[in-house]
Amino acid sequence: MNEKTRPILTSLVLFFVAGICEIGGGYLVWLWLREDMSWIIGVFGGLVLFMYGIVPTLQQSHFHRVYAAYGGIFIVMSIFWGWSFQGTAPDTWDIVGTIVALIGVGIIFYAPREGERVWSKQ
């Protein structure tokens with residue numbers, strides 16, 4: 001892996017980990033409150049959601065860009081979560097929406113900006 005792709009791969013891994021923490025933690029709280037599972041599941045979900053609050057701080061960009069780009073990643077991961085864990089296959093509009101969201105992520109988070117060294121070695 002070269003020096004140009006490593007920061008991008010690292011950011012994508014961090015987005016994925018944040019998504020697992022937010023969607024997974026939220027799903028555990030959902031199971032506790034909506035599916036009458038043990039409160040221990042809810043507490044564990046809350047701890048996982050707390051971890052979600054920490055993971056985005058590891059990104060090498062500005063707060064607003066991290067959270068805006070993460071919104072697109074969240075959309076994609078939510079669609080896959082519903083498909084994987086609840087058996088709800090995405091329809092055409094889900095797929096179109098995820099493509100639009102990923103285009104937005106690419107523009108917001110990875111577009112080169114003059115005067116910023118976010119993706120280069122500092």
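Is Trp-81 buried or exposed? In this predicted model, where local features need pLDDT of at least 70, side-chain atom pairs count only at pLDDT 80 or more, and totals for chains, interfaces and linings use all residues, the residue Trp-81 is buried, with a relative accessible area of 17%. Residues are numbered from 1 along each chain as its sequence is written, and side-chain values use heavy atoms, with hydrogens and water left out. Here buried means under 20% relative accessible area, exposed means over 50%, and partly exposed lies in between (1.4 Å probe, protein chains only).

Aromatic rings were paired when the centres of Phe, Tyr or Trp rings (for Trp, the six-membered ring) lie within 6.5 Å, with planes under 30 degrees apart counted as stacked, over 60 as edge-to-face and the rest as tilted. By this rule the count comes to 10 aromatic pairs. One of them joins Trp-81 and Phe-85, which are stacked at 4.2 Å centre to centre with 25° between the planes. Both belong to helix 3 (residues 63-86), where, being 4 residues apart, they are separated by about one helical turn; helices (H or I, at least four residues) are DSSP runs, numbered from the N terminus. Phe-109 is buried, at a relative accessible area of 1%, and ring pairs link Phe-109 and Tyr-110 into a cluster with Phe-15, Tyr-52, Tyr-70 and Phe-74.

The largest nonpolar core has 16 residues, and those with the most contacts inside it are Phe-15, Tyr-70 and Ile-73; such a core is a set of buried Ala, Val, Leu, Ile, Met, Phe, Trp, Tyr and Cys residues joined through side-chain atoms within 4.5 Å. Two or more residues of this core come from each of helix 1 (5-34), helix 2 (39-54), helix 3 and helix 4 (92-110), and helix 3 gives the largest share, 6 residues. With residues up to four places away in sequence not counted, Ile-73 touches Phe-15, Leu-102 and Val-105, a contact being heavy atoms within 4.5 Å.

Ile-40 lies in helix 2 and, at 52% relative accessibility, counts as exposed.
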